[in-house]
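The following exercises are intended for a reader who meets this structure for the first time. Each task is followed by a solution that goes step by step.

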Amino acid sequence: MPESREDDLFRESTMTFGEHLGELRDCLLKSLYGLMIGFVVGLSVGGYVVDFLQRPLSLALTKYYQGESEQRVKSELQRLKGSSQALPWTDEQVTDFVEKHDLLAEEVYVDPAQMLGDLKAAYPRQFKGVELPPNAESSDSTGVGNLMRLFIWHRGSDDPRLKTKALAMTEGFMIYIKASLLVGLLLASPWLFYQIWHFVAAGLYPHERRYVHIYLPFSLGLFLFGAALAFFVVFQPVLDFLLAFNRSTGISPEPRINEWLSFVLVLPVGFGVGFQLPLVMLFLERIGVFTIESYLRQWRIAVLVIFVIAGILMPPDAYSMLINAFSLTILYFGGILLCKLLPRKSKRWD
C-alpha cells in the first residue's frame, strides 16, 4: 500500500533534538554578529542618543518644577492680598514668568539692613542717601525675625535640579555604551527578527514555512511601532504620573541617568514584544495550534496572563503596567478579529 502524501510531508520535516540545538546555536551566533555590527555603528552617535533620550525626562522635570515654583509664589501672593502690603506681581504675571520666559522662583531670606549695607559698599554712588524705612527691621514686615522673605527668579535651563545625575565616575561611560547598544539593537532588529523566524521555520513543516516569510516584515513593523509608541506617547504621561506621585508624598526627585536609561530600554522593548501578540495568535491559528473558538473560550485566562506578563516586563510603576496591560488586552481581541478577517483555508495536497 503506497504511503500517503501527508506521511511524506511529515517525514521530510523531521529534525532531531540535536539538530534543533545546532540550529538554535547558529541563529544565536548570527544574531550576536548582527548586534555587534549595529553596536559599532551606534558608538559613532552615542553622544547624540544620550542627549535625545534625556529630553523627555528634562521636559517632565521642567514641568514639575515650574508647577511647584508657580504654586509657591501664588500662595505667597494670596497671603499678601489679606495684608496692607503692595503685591509685587499679579497671578497672570507669575504664570507669564514661568510658562513663557522659563523662569523659576527661588525662595531666600535676607537681612534688609545687611543687604542695604552691602549695596552701599559696592555701589556708593547709586545708593548714596538711601536709608532703610523705619519699619524695615520690625518682625511684622520681615517674616522670620529680622530676615526678609524674597523670591529670586532664574532661568530654568540653569537650574541644577533639571539635570540628571551621575553618582559614579564610570556611570557616564556606561551610559554611552548603553545608548550605543540601543542604537545597535534598533539597527540590527531586522536581522534579529529574521533569525528568530528562521529558527521557528526550521521546526515547521514545509507547507507551514511560507507563513514565516509573510509574517516577518509585519512582525518587525509591529515591534518598531510598539517601541515608537512607548517612547513618543507613553513616556511623558508615565513621567508626569511618577513626578506627581512624588509631589503628593513630599519627595523631591533626583533622577539618575543610569536608572533613567534602564527605564528607556525596558519600556520600548516591552511594548515592542507585546505588539507581536496579534501576529503570533494568527500564526498559531494558521498552523492549527489554536482555533478562534479556543481564543474566545479562554479569553479570561488570557487577560489574567497578560496582566501578569505586563507586571513582569514593565518597570515597577502602576501607570506603565496598566497602559501595557490594557494595550495587550486590546491587541488580544484584535488578534481574534484578525483571525476572523483572514480565515485559514483548507489545503489539499495533491
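**Exercise 1: A network of charged side chains**

E68 and R72 both belong to helix 3, 4 residues apart, which is about one turn of the helix. Helices (H or I, at least four residues) and strands (E, at least two) are DSSP runs, numbered from the N terminus. The model is a predicted one, in which local features need pLDDT of at least 70 and side-chain atom pairs count only at pLDDT 80 or more, while totals for chains, interfaces and linings use all residues. Residues are numbered from 1 along each chain as its sequence is written, and side-chain values use heavy atoms, with hydrogens and water left out.

Task: determine which residues are linked with E68 and R72 in a network of salt bridges.

Solution. 
1. Side chains of opposite charge can pair when their charged atoms come close. A salt bridge is defined as a side-chain nitrogen of Lys or Arg within 4 Å of a carboxyl oxygen of Asp or Glu.
2. E68 and R72 form such a bridge, their closest N and O atoms being 3.6 Å apart.
3. R72 also meets the side chain of E107 in a salt bridge (3.9 Å, N to O). This second pair links distant parts of the chain, since R72 is in helix 3 and E107 in strand 1 (residues 103-110), 35 residues apart.
4. The network therefore consists of E68, R72 and E107.
5. Relative accessible area is classed as buried under 20%, exposed over 50%, and partly exposed in between (1.4 Å probe, protein chains only). E107 is partly exposed because its relative accessibility is 28%; E68 is partly exposed at 24%, and R72 is partly exposed at 24%.

**Exercise 2: The length of helix 13**

Task: check whether the end-to-end distance of helix 13 (residues 318-341) agrees with its number of residues.

Solution. 
1. The expected span of a helix is 1.5 Å times one less than its number of residues.
2. The buried residues of helix 13 include L328, L331, Y332 and I336.

**Exercise 3: The chain as a whole**

Task: describe the confidence and the overall make-up of the protein chain.

Solution. 
1. The protein chain has 13 helices and 2 strands, and buried residues make up 35% of its 350 residues.
2. pLDDT is the predictor's confidence in each residue, from 0 to 100. The mean for the chain is 77, and 84% of the residues reach 70 or more.
3. Among the elements, helix 1 (residues 5-12) has the lowest mean pLDDT (42), and helix 11 (residues 292-297) the highest (89).
4. Over residues 1-13 the pLDDT is below 50.

Key: Contact = heavy atoms within 4.5 Å.
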